[in-house]
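Here is a short tour of one protein chain, written to be read with the model at hand. Please have the viewer open and follow along.

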Amino acid sequence: MDATAIDHVNLRIPADGLDAAVGFYRDALGFDIENRDLFESGEKPFFSVRLTPASVIHLRPAEDFEPPAETAFDHVAIEFAHDIDELRDHLEAAGVEIDRQLEPLGATGVAPAVYVTDPFGYTLELKAAPDGD
């Protein structure tokens, strides 16, 4: 079996979390929200955050949502085509608090990254381009 990429991650959020998700993922981080109309009409049980042409995060509102526990979830890493200063500047302008900054090893090598927490307790690693582009 030859995998080519991660297609999506599916995360549960509080039943009333739609507005907070849009505020964070679209307004603060700049991602497109997809299938909101299908979710709101009841045709789909989730809506999506478009990360790249080939990857999304599905956000599934649930009445029984429990914030992620450190023993069950660590983080989702997202690579950006920006250097670390551009990432930090964007987050600061959007009012997103940076939890920490590291230079972790990931699928594309070592590169600087900042870690932020979404409104539901999920940690996101926002990784600068590996070559600093």
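From which domains does the lining of the largest pocket draw at least three residues each? The answer is domain 1 (1–65) and domain 2 (74–132). Please keep in mind that this is a predicted model.

**The pocket**

The space in the largest pocket comes to about 560 Å³. Its lining is made up of 24 residues, and I6, A77, I78, E79 and A107 are the ones that lie nearest the centre. Several strands give two or more residues to this lining: β1 (8–14), β3 (47–52), β4 (55–62), β5 (76–79), β7 (105–106) and β10 (123–127). Of these, β5 gives the largest share, with four residues.

| Kind of lining residue | Number of residues |
|---|---|
| nonpolar | 13 residues |
| polar | seven residues |

Now step back to the chain as a whole, which the domain assignment divides into domain 1 (1–65) and domain 2 (74–132). Taken over C-alpha atoms, the centres of the two domains are 19 Å apart. Domain 1 brings 16 residues to the contact, and domain 2 brings 15 residues.

The size of an interface is often given as the accessible area lost when the parts come together. For domain 1 and domain 2 the buried area is about 1200 Å², and carbon and sulfur atoms give 83% of it. On the domain 1 side, F24, A28 and L29 lose the most area to domain 2, and together they account for 38% of what that side buries.

**Salt bridges**

How many salt bridges does the rule find across the interface of domain 1 and domain 2? The count there is zero, while a search of the whole structure finds four. One of the salt bridges joins D19 and R36, whose closest N and O atoms are 3.9 Å apart. D19 sits in helix α1 (residues 18–28) and R36 in helix α2 (residues 36–40), so this pair ties together parts that are 17 residues apart in sequence.

Terms used. Residues are numbered from 1 along each chain as its sequence is written. This is a predicted model: local features need pLDDT of at least 70, side-chain atom pairs count only at pLDDT 80 or more; totals for chains, interfaces and linings use all residues. Side-chain values use heavy atoms; hydrogens and water are left out. On a 1 Å grid over the protein atoms alone, a cavity is a set of points where a 1.4 Å probe fits but cannot get out, and a pocket is an open set with protein on both sides within 12 Å along at least five of seven lines; lining residues have an atom within 4 Å of a point. Grid points are joined across faces, edges and corners, and a volume is the space filled by probe spheres set on the points. Ala, Val, Leu, Ile, Met, Phe, Trp, Tyr, Cys and Pro count as nonpolar, Asp, Glu, Lys and Arg as charged, and the others, Gly among them, as polar. Domain bounds come from an automatic or database domain assignment. Contact means heavy atoms within 4.5 Å. Buried area is the accessible area (1.4 Å probe) that two parts lose on being put together, summed over both. A salt bridge is a side-chain nitrogen of Lys or Arg within 4 Å of a carboxyl oxygen of Asp or Glu.
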